[in-house]
Amino acid sequence: MIGLLLVTFAVCILLRFPIAFSLGLSCLVFLVVDGTPLIVMPMKMYSGIDVFVLLSIPGFIMAGNLMNHGGLTEKIIAFCNHLVGHIRGGLALANIASSMLFAGISGTAISDTASIGSVMIPAMKKEGYDADFACAVTASSSTVGPIIPPSVSMIIAATLTGLSVGKLFLAGAIPGFLLGLSLLGYTYYISRKRQYPKHPRSSLRQIGRGFIDTFWALLMTVIILYGIIGGLFTPTEASIVAVLYALVIGLFVYRKLTPRRAMVVCLDSMKTSAALMVLIGFANLFGYILITEQLPQIVSAQILGFSDNRYVVLLLINLLLIFVGTFMETIAALLILFPILLKVALAVGVDPIHFSVIALLNLMIGLTTPPLGVCLFVAAGIGKVSIGAVSRAGFPFLLVSLSVLALVTLIPELSLFLPDLFME
């Protein structure tokens, strides 16, 4: 019977059904054939979204949209250009630096690619950068977003494991910055090799003005992290604080957010949140069926039967998650696979927080892995370049990301140092 569920799901994916509908339809077919009462569907869907911490997701989505529509993207890009624009390949470096700063606002890789890419890719092409390189830089740097806190994906992972959201946020900081710095290093190397342009050095006054322009936006990230880690408020309360803060900054400080535009942002955020909650509900039902059919035990036995060496097991999990991440939306992959693979990781002594960071990093890298990486398609569409050209240009960036993944996998302290230091 489990084969029927998985085959139906695979067929729906191949037919290009949305992930949520693929999950729901495959569950429906299974329940009908199995003779299970259909009342199980709404019950399990509701239990999947009836989790207090998930209430933070609509808030963080709306706060990010409010700041983005309030002109934040352009201000962050301008500030980063003032900082690194005078270095060879400065605009490409500013692209990556912007993703690292924007990460605390958007929390998702695809929104990072779309928001920053729509500004940076045309600008880089205009200055003489190769179009495929511009797209590859944008897509690759977007993977930093969900690793550097705060992150919607981390909230989902915390919900699935029962771990502290604050600990997961801290756990992603060092790996996220390490990934960003590695991408900066490779980009600088290529820029010098190809003699990409650089800008005149900005004055201290220009840098200071750029910092002031971005200060209020970046302060939101500090408030969120300090509030959660310091115990001032829960992640759900933090999301509401973030929305109120974003409204005040957009309306009265940046003054690019009008009441009418705020209503449009609210409606867009509601649509995104509703779609995400439906996905979570169906994924919980899907997971319930997998558990009742004992698939986690089967997968665990197969992997541990192959090897019980921690590093071999983590290698197998890494390969599986990167493969899945190339064609499946990150949150859907987390909801379906994370609980199963976590049991395997725990069986070989891997810390759950460490494993959470490994899993997220894998799925983010999958978004830029040819031939189906979603961020590659988004960047290629903006840059009007073939997906093949972007994939070829992005392959060295992929190797850099995989190197960081290897370090994070082999050195647990990169993920555990900050949580152990601040939240013992």
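Modeller: Start with a cut-off: a residue counts as buried when its relative accessible area is under 20%. Keep in mind that this is a predicted model.

Biologist: Is Ser-99 buried or exposed?

Modeller: Ser-99 sits in helix H6, residues 90–106. Its relative accessibility is 1%. The cut-off for buried is under 20%. So Ser-99 counts as buried.

Biologist: Leaving aside neighbours within four places in sequence, which residues is Ser-99 in contact with?

Modeller: Contact means heavy atoms within 4.5 Å. With those neighbours left aside, the residues in contact with Ser-99 are Asp-112, Ile-116, Ser-141 and Ser-142.

Biologist: How many residues apart in sequence are the parts that the pair Arg-194 and Asp-130 ties together?

Modeller: Side chains of opposite charge can pair when their charged atoms come close. The side chains of Arg-194 and Asp-130 form a salt bridge, at 3.3 Å from N to O. Arg-194 lies in helix H10 and Asp-130 in the loop between helices H7 and H8, so the pair ties together parts whose separation in sequence is 64 residues.

Biologist: How many nonpolar residues does the contact of H4 with H13 have?

Modeller: Helices H4 and H13 pack at about 145°, with axes 9 Å apart. Residues making the contact include Ile-57 and Leu-66 of H4 and Val-265 and Leu-276 of H13. By class, this contact has one charged residue, five polar ones, and nonpolar residues numbering 11.

Definitions and conventions. Residues are numbered from 1 along each chain as its sequence is written. This is a predicted model: local features need pLDDT of at least 70, side-chain atom pairs count only at pLDDT 80 or more; totals for chains, interfaces and linings use all residues. Side-chain values use heavy atoms; hydrogens and water are left out. A salt bridge is a side-chain nitrogen of Lys or Arg within 4 Å of a carboxyl oxygen of Asp or Glu. Helices (H or I, at least four residues) and strands (E, at least two) are DSSP runs, numbered from the N terminus. Axes are lines fitted to C-alpha atoms, for helices over the stretch in contact, and angles run from 0 to 180 degrees between N-to-C directions. Ala, Val, Leu, Ile, Met, Phe, Trp, Tyr, Cys and Pro count as nonpolar, Asp, Glu, Lys and Arg as charged, and the others, Gly among them, as polar. Buried means under 20% relative accessible area, exposed over 50%, partly exposed in between (1.4 Å probe, protein chains only).
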